[in-house]
Amino acid sequence: MAGYAAMRIHIQNPIDDPLFLFSREMWDAAAMSAGEVATDHAVTIGNTDAEFANGIAEAEALVTEIGVVAAKFPCEAPRLKLLFVTNAGLDRLAPFDWLPPGVMLLNNAGVHAVKAGEF
């Protein structure tokens, strides 16, 4: 498909916080709802330090939460282009001098606005 390139995506679950664990079933469901843009990606999901090390070595995109980033970066991430942190606020990670050069950092700001407003 024109307009996007398949990526190697690694999703790293937090080791010590079982509240927001991401599963293959969750990825598959999200990918199905996203259509063709979600096809052809090589996706790994890690739950341990060893799985993080293996995943980050090849990952072009990393999806994780703030605690994993704080614990693991800086690290060798030779192919990383995009780091998506599932938390809204990233203040805990400042200053951002740990971020590899050229890597785009994204957060989840605004995603909970409607629910928070209802609360």
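I began with T64, which stands opposite V85 in strand 4; strands and helices here are DSSP runs numbered from the N terminus, with at least two residues (E) for a strand and at least four (H or I) for a helix. This is a predicted model, in which local features need pLDDT of at least 70, side-chain atom pairs count only at pLDDT 80 or more, and totals for chains, interfaces and linings use all residues. Residues are numbered from 1 along each chain as its sequence is written, and side-chain values use heavy atoms, with hydrogens and water left out.

Entry on strand 4. I looked up the partners of strand 4 and found that strand 3 (residues 61-64) pairs with strand 4 in the parallel sense over four bridges, where pairing requires that DSSP finds at least two bridges between two strands. From strand 3 the chain passes through helix 3 (residues 66-72) to strand 4, and this β-α-β crossover is right-handed, meaning that the path from the first strand over the helix to the second runs clockwise when the strands point away from the viewer. Strand 4 also pairs in the parallel sense with strand 5 (residues 104-106), over three bridges, and there L82 stands opposite M104. Buried is taken as under 20% relative accessible area, exposed as over 50%, and partly exposed as in between, with a 1.4 Å probe and protein chains only.

I traced an open sheet of five strands in the order 2-1-3-4-5, with parallel pairing. Its edge strands are strand 2 (42-46) and strand 5, each of which pairs on one side only. The twist averages 15 degrees from one strand to the next, with axes fitted as lines to C-alpha atoms, for helices over the stretch in contact, and angles taken from 0 to 180 degrees between N-to-C directions. Helix 1 (residues 24-34) packs on the sheet, touching strand 1 (8-12) and strand 2, and its direction makes about 145 degrees with that of strand 2.

Entry on the cores. The largest nonpolar core has 15 residues, of which I56, L62, V69, F73, L80 and L83 touch the most other members; such a core is a set of buried Ala, Val, Leu, Ile, Met, Phe, Trp, Tyr and Cys residues joined through side-chain atoms within 4.5 Å. Helix 2, helix 3 and strand 4 each give two or more residues to this core, and helix 3 gives the most, with three. Another core, of eight residues, lies apart from it and includes W27, A31, V43 and I45.

Entry on N108. I located N108 in the loop between strand 5 and helix 4 (113-118), and I found that its side chain reaches the backbone oxygen of T86 at 3.0 Å. Not counting residues up to four places away in sequence, N108 touches F84, V85, T86, N87 and A88, contact being heavy atoms within 4.5 Å.

Note on methods: A polar contact is a pair of N or O atoms within 3.5 Å; within protein, one must be able to donate a hydrogen and the other to accept it, and residues adjacent in sequence count only if both atoms are side-chain atoms.
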